Amino acid sequence: DSIIPGVQKIWIRTWGCSHNNSDGEYMAGQLAAYGYKITDNSDEADLWLLNSCTVKNPAEDHFRNSIKKAQEGKKKVVLAGCVPQAQPRQEYLKGLSIIGVQQIDRVVEVVEETIKGHSVRLLGQKKDNGKRLGGARLDLPKIRKNPLIEIISINTGCLNACTYCKTKHARGDLASYPIEELVDRAKQSFQEGVCEIWLTSEDTGAYGRDIGTDLPTLLWKLVEVIPEGAMLRLGMTNPPYILEHLEEMAKILNHPRVYAFLHIPVQSASDSVLMDMKREYCVADFKQVVDFLKEKVPGITIATDIICGFPGETDEDFQETMKLVELYRFPSLFINQFYPRPGTPAAKMPQVPAAVKKQRTKDLSQLFHSYNPYDHKVGERQRVLVTEESFDSNYYVAHNPFYEQVLVPKDPLLMGKMVEVNIYEAGKHFMKGQPVSDARVHTASISRPLAKGEVSGLTEEFRRSAQNGTKRKAQPNAEIPVKTQLSSWMALQLPWQQEGGGLKILSVSLALLAVLVVFYYGGMKTEL
């Protein structure tokens with residue numbers, strides 16, 4: 001049974017990137033470890049945990065509508081993610097409980113207090129000796145959305161200050177996890193039957209700059225622990241931070257247990273637009289990265305993002321972007337119509353008319369759909385790793401060494417396996433493959449995968465903590481926690497227990513005393 005009698009079911013909805021999905025998995029794992037049931041049915045849930053994304057207006061609109069729907073359905077609500085972290089004082093968030101992006105390890109206490117009818121807001125930053133940490137511990141319990149895929153956030157925040165980005169307001173500056181913690185997380189994942197790891201962050205290329213290391217160093221350490229048949233996929237990296245590591249990155253992307261895939265957002269092919277965006281690179285830098293990797297990593301898949309209609313973008317600027325897409329014919333292209341995010345510098349710039357933005361988005365989409373990147377691969381024999389079921393439930397989804405999607409027959413014996421297939425059909429976003437009868441089926445996992453919904457990383461320490469009920473308590477209607485009985489991994493600190501806290505309390509006390517003295521003697525003079 002759950003800790004709170006009569007309340008057992010929680011529905012979690014996550015919007016946005018892999019980083020957000022990873023946070024959602026960690027929150028689900030902790031709640032399940034404490035006896036709450038995580039349900040896929042929003043109607044039967046007692047509480048909705050809404051994990052938001054602030055990248056685009058539509059995502060925030062969906063988030064806001066979900067809050068309204070929950071309230072209309074008399075559901076308890078807890079909010080998480082970048083939207084409430086960046087703008088907690090928005091009117092539609094008033095009176096609702098919020099978990100900050102660095103506080104997801106405290107989801108149990110926030111849910112508990114919310115169920116009791118309290119409003120709790122935990123939005124502080126985690127620090128160690130004054131240095132900002134990456135976020136919640138990586139060894140917390142979690143429930144993987146897909147038991148075969150582990151999503152690992154290698155750092156939070158970034159080094160950029162893009163004028164259109166709201167995520168920076170929520171995630172802050174770069175804070176990287178130590179290499180040994182990331183390697184340990186990967187090892188644990190493989191021991192739990194995972195056969196594919198995704199590395200994610202706001203900018204993987206910037207990893208380690210705050211702790212004296214770099215991305216290639218991390219990747220070489222991770223490659224050492226990847227079992228045969230398992231694969232590693234890199235997340236998004238911006239051009240500036242990958243430029244200085246091109247040689248090493250090419251070697252890593254050629255490794256048989258690393259997908260030859262990289263997501264490098266260009267956003268625009270106009271240098272003047274990139275300057276207004278404060279992207280800290282020019283189009284030539286992007287081309288240098290792509291050209292080098294295409295030469296050194298044959299067949300590599302380069303995915304990219306483009307924003308249509310950024311403030312100040314002229315027809316000539318947009319045509320440069322069209323030419324770039326025509327030149328590289330990206331097999332994976334994320335096209336985004338510009339939406340001004342409140343509080344960002346770009347929102348204050350002169351805007352491109354909505355009709356023009358819409359037309360440019362349409363034109364670029366038409367160009368993207370005018371070519372088929374996989375037609376020439378029909379007839380090839382490819383090695384693929386099967387990890388998912390297709391949206392229509394008619395196929396299993398696999399990926400070849402270039403992280404290109406290959407649909408295979410829905411044979412349960414193939415799931416979690418690396419097999420060879422003959423490609424017999426190609427579409428815009430996929431290929432279809434038939435397993436080769438004489439090829440060996442390789443089991444990538446070194447142990448049985450966890451069942452769907454099963455909690456990962458449930459350490460003995462956490463089990464004891466949950467069983468004994470020694471939970472943290474969040475202070476209702478406040479953003480500063482109070483100290484209660486705690487287990488070691490849940491320990492909180494009051495402001496005066498933190499480094500330098502004593503001096504801050506003393507300074508504030510003296511200032512208040514001075515004000516009282518002035519007020520007192522000032523009042524005496526007036527009466528005289």
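Strands β9 and β12 (residues 196–200) pair in the parallel sense over 5 bridges; two strands count as paired if DSSP finds at least two bridges between them. Strands (E, at least two residues) and helices (H or I, at least four) are DSSP runs numbered from the N terminus. The model is predicted, so local features need pLDDT of at least 70 and side-chain atom pairs pLDDT 80 or more, while totals for chains, interfaces and linings use all residues. Residues are numbered from 1 along each chain as its sequence is written, and side-chain values use heavy atoms, without hydrogens and water.

**Sheet**
- The open sheet has 3 strands in the order β9-β12-β13, with parallel pairing.
- β9 (149–153) and β13 (231–233) are the edge strands, each with a single partner, so one side of each lacks a neighbour in the sheet.
- From one strand to the next, the twist averages 20°.
- E150 has I197 in β12 as its bridge partner.

**Helices on the sheet**
- Helix α6 (residues 179–191) packs on the sheet and touches β9 and β12 (contact: heavy atoms within 4.5 Å).
- The direction of α6 makes about 170° with that of β9; angles run from 0 to 180 degrees between N-to-C directions, and axes are lines fitted to C-alpha atoms, for helices over the stretch in contact.
- Helix α1 (residues 18–33) lies across β9, β12 and β13, at about 105° to β9.

**Helix pair**
- The axes of α12 (residues 315–328) and α13 (residues 354–368) come within 10 Å and cross at roughly 15°.
- D315, F318, M322, V325 and E326 in α12 meet R360, D363, L364 and L367 in α13.
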